[in-house]
Every structure is written in C-alpha cells, then in structure tokens.
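Here is a short report for a reader meeting this structure for the first time. Please look over the sequence and the model below before reading on.

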Amino acid sequence: MKNDYKDKLDNLPVDIKLRAADRLKIHLMRQKYGYFSRLCLLMALIGPGILVMIADNDAGGVMTYAQTGSIFGIGFFIPFMIIMLPVAYIVQEMTVRLGAVTHRGHAEMIWKRYGKFWGAFSLIDLVIANILTLITEFIGITIGMRVFGVPPLISSIAAVLIIASIQLFLRYFAWEWISLSIAAFNLVFVPLVFFVPHLHWGAVARSFGTWHIPGGVNSLFIYVVLANLGTTIAPWMLFFQQSSVVDKGLTVKDIRDGQFDTFIGSVFMVIVAIAIILITAGTVYGMTHTPNLDIQTILSAISSKMGPLAMRLFALGLIEAGLIAAIAISASTSWAMGEAFGWPKSINIPPLQGWKFYLPGVISLLIAGSAVLIPNAPLGFLNLTVQVVATIFMPAAMMFLLLLLNDNEIMGEHINKPWQNVSAFTIVGFLIIMNFMYGLTVVFPHLLG
Amino acid sequence: MKKNNKTSKEVNLDEDWEDFIKEEGLIDYNKIPVQKAEIKGWVQIAFWFLRIYIVVMIIMVIIGFSRIH
C-alpha cells in the first residue's frame, strides 16, 4: 500500500480507518483483470452470508433437526428443508442490499425511519430472543463437551472466554476469518450420513413425491414445522447480516458478491440440516414415539447404531454449532445496541475505546453461560420454545425489512422487485398462518388431535 | 441518495481520495441524520396489522404459559 494512502487513512477515525484499509485492498483488486483476480476479490468479499447461514445451524438448530429426524423420519422434512433454501436466501439477501445501500444496520434503520417505539420494540425483542437463543447455544456446548468428559462449569467458562476474546481482541477481517474457520466444522455432520446403517437413498428420493407426515397433521407436527422455520429464519439473522455487511464495508458494487455469498451459505445450511435429519432418522426414528426426546438420548442412539466415534463427531458438531452461533449472536446484540443508541459500532474498534459497544454482547454471554449451570433448569423445553418464540416475532422483523426494501427514498434503484416482494410476502403469510395454527392448538389442544 | 456515476476503475486515488471515501461509504453515518418515514397508505395498514398480530400473539402466549402447570 502506498505511503500516501497511509497518511490519508491516518486522518480517519480508527474503526473507519481499518475498514478503509480493507476497502482499499478491494478497490485495488477490482482494478485487476483475470479469473484469479476475480476469485481473490470474491474470497475477500464473502463472509457475512456464509457466516449467518452456518451460524443459523446453531446448537438449538442441531437439536431441532435431530428431534425432527427422530420423531418424523425423512418423510416430510427432507423436502421441507429443500424449500427452506430459497426461503432463507430470499430473506437474507434483502439484508445485503439494505446494508450495502444505506451503510446502516437494521436496528438503526428501524429506530430512525419508524421512530423510537418500533425501534425499542424491535431492539427489546431482539435482545430477549438473543439471550434465550444464547442459552440454547451454551446447552449445546456443555452437552457436547460432556461427551468428551469436560464438566459443564469448565466448558461454559471456556466458551465465554473464547467467544468474548474473539469479539474483543480481533478486528473485523480477522474476526470474520476465525469465525468462518470455526464454521467449517459445521460440515462434520455431512460425512456421518454415509455411515448411517440401512439408509435407503431410494426412500429419500421417494420422500419428494410423497411428503409423508407420520401421524398426520397434529399439534406436534405444527410445533416441529414452526421450530424448523424458527431455526431457518430468525430475527437475529436479519440484524446480524445487515450489520456485518455494514461493518465489512460492502457497497452497492459488492451486492452481487454478497448475494453469491448468501446463496453459498444457504446451500451449506440446508446440506447440514438434511444431514442431521438423515442421521437421526436412520438411528433414532421408530425407536420411541415420545415427542420429548432429549439430545442425550439421541446421542446414545447414534452411539449404539453407528459407534462411539460417530457419536463423538456428532457432539463435536454440536459444540461447533453452539460456538459459532454464540459468536454471531453476541455480535448481533452489540451491533444492534450500538446502532440504536448511536454508539461507536464496529468490531474494528479497540475494546477500551468501544467498551459500550462490546458490553451488551459480553453481558449476554455471561447471562447465558451462567443460566446453563442452574441445576434442573428445563433446558430441553427451552430449546424448542426459543425457536417458536423467534418464529412468532419473525413476522414483525420481516415487516420492517419489507417496508425498508420498498422504500424508494432510501433504496433507489435497489428497491425490491415484484418477484422479491411476492416471495417475501408469501413467506411472511406462511409464518403468520403457522403461528396462528400453533396458537390455536395451544388454546384448543384437541383441535387437531 | 447521491448517485456517483464514476466506476471504481476510473477513480485515481491520488486525485480522487474524497470520492473514494464517499463511494465506499467511509464516513461517520452517525453524523448524517435519517429522515423519519411518513406513515400513510398501505404502510399505515401494515402497522395496524402488526399491532393486532402482536396483541393476539401475546394473548395466545399467555394462555399457553398458563396451561403449562
């Protein structure tokens, strides 16, 4: 980098200066021609999309997919997860455009565009949902670590220290690559599929034709559909990816790469989700009819059918899932608080200078890390409930996203196209219908049997 | 939003540093106010729908929690 540029960069505030250094590299890369240069540019620009989608396969998600495969097998939920690919992509892609065009996070846009009431409403929802979700991440981490003989107290403290250190001491670029490296372990579930005993790929293929629901449509089925939806698209994901796009410094020129990043992330997310459903459908489904299968039972079943190594790899995946999601969720809490209250809001800021920004994320980690150590806490119930709560609040978050993406004043030529609106409104409509159906089954438990 | 017609390839950083900064959004956005949106038409309807949805959902959640024990 030329010394002239260095002098110019030194005149900028520290967080913007570090972002400018990254953007300068992107700018210089863009001036080069050739496939290799283009690939380097793409590699430099991807990150938020893959990260959000892999973090979406969090410990709660792994447990939800595992319970789904255990209770319902492959009949309905394999094709259902394929449908989730465009759903996740359509929703998250909007945050890329919104972030790249406005250079502001989701919390800030809601707060400033629609007023303090809706800003505070969204922020409170997000922070509560994030803390609850973080607890499920710590449940996953401690359960997974117990398989390796590590007591919950040690694993919880270690997880808090690791996640807080990653957030506090790394600048954005390093933070993103460390996070992506941890996220790569999410793929550990995929090779396990090939060791599932008696897995008939013909049956998997036939499920796309039949969409068979064992036991028919009942309240448990709706609960599990909602839980799967809740783990595929969650409010924190909207806030996280938009803030991440802004902190990374993506601009309108980078939207196409951001879209590719999101698509690749969606593909990884669905592959891993299907892998988990196939593993548990092949090892646990049919063993018991109880809907209250806990993850320990599932791990034992995997161990007895596929061997202890498979069970350890599954546990490793669970730990990774909890870790990467906790990194992303605590960052989303910090970003959202910073955006709402106008604090400095970048992972590029040194900890002492940006303590206000880092504090909410660290506090949420401490709450979750402590909550998981409370004896006899109803952790299994909490996990599926978190997914359902997230789904209930999702239509509100989606509505703000759609309002902003249809706001010509701020989006200009990057406003939603009609097909994007039709797709997004269909997703919101489906969410609302499923939420009402679930609500009805709660109020009238015998409605669907 | 101001539209910059220069592509990145045309920007010479020695001469156009300010343009690079603006094009890349490397400014303190906290200092630039965002105008509050006008709530009217279908947006107003959407907000009313959201209010009703939230109230119904809260009632259902309360009923749900009260039946747990």
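Which residues in helix 9 of chain A meet residues in helix 16 of chain A? This is a predicted model, and the answer is read from it. On the helix 9 side they are Tyr172(A), Trp175(A), Ser179(A), Ile182(A) and Ala183(A). Their partners in helix 16 of chain A are Glu320(A), Leu323(A), Ile324(A), Ile327(A), Ala331(A) and Trp335(A). The residues of this contact divide into nine nonpolar, one polar and one charged.

Next comes the geometry of that pair. Helix 9 of chain A covers residues 172-183, and helix 16 of chain A covers residues 308-341. Their axes lie 9 Å apart. The packing angle is about 150 degrees. Angles over 145 degrees count as roughly antiparallel, so helix 9 of chain A is roughly antiparallel to helix 16 of chain A.

Now turn to the two chains. In chain B, 42 residues are in contact with 54 residues of chain A. Together, chain B and chain A bury about 4,300 Å² between them. Carbon and sulfur atoms carry 68% of that buried area.

Polar links also join the chains. Five residue pairs are in polar contact between chain B and chain A, both residues being at pLDDT 80 or more. On the side of chain B that touches chain A, helix 1 (17-23) and helix 2 (42-66) of chain B each supply at least two residues. Helix 2 of chain B gives the largest share, 15 residues. By type, the residues of this side of chain B divide into 28 nonpolar, five polar and nine charged.

What about charge pairs? Side chains of opposite charge can pair when their charged atoms come close. The structure holds 15 salt bridges over all chains. Between chain B and chain A the count is two. Glu24(B) takes part in the salt bridges listed here.

| Residue of chain A | Residue of chain B | N to O distance |
|---|---|---|
| Arg23(A) | Glu24(B) | 2.5 Å |
| Lys253(A) | Glu24(B) | 3.2 Å |

Where do the residues of the pair Arg23(A) and Glu24(B) sit? Arg23(A) is in helix 2 (residues 14-30) of chain A. Glu24(B) is in the loop between helix 1 and helix 2 of chain B.

Notes. Residues are numbered from 1 along each chain as its sequence is written. Chains are lettered from A and ligands numbered from 1 in the order in which they are written. This is a predicted model: local features need pLDDT of at least 70, side-chain atom pairs count only at pLDDT 80 or more; totals for chains, interfaces and linings use all residues. Side-chain values use heavy atoms; hydrogens and water are left out. Contact means heavy atoms within 4.5 Å. Buried area is the accessible area (1.4 Å probe) that two parts lose on being put together, summed over both. A salt bridge is a side-chain nitrogen of Lys or Arg within 4 Å of a carboxyl oxygen of Asp or Glu. A polar contact is a pair of N or O atoms within 3.5 Å; within protein, one must be able to donate a hydrogen and the other to accept it, and residues adjacent in sequence count only if both atoms are side-chain atoms. Helices (H or I, at least four residues) and strands (E, at least two) are DSSP runs, numbered from the N terminus. Ala, Val, Leu, Ile, Met, Phe, Trp, Tyr, Cys and Pro count as nonpolar, Asp, Glu, Lys and Arg as charged, and the others, Gly among them, as polar. Axes are lines fitted to C-alpha atoms, for helices over the stretch in contact, and angles run from 0 to 180 degrees between N-to-C directions. Angles under 35 degrees count as roughly parallel, over 145 as roughly antiparallel, 65 to 115 as roughly perpendicular and the rest as oblique.
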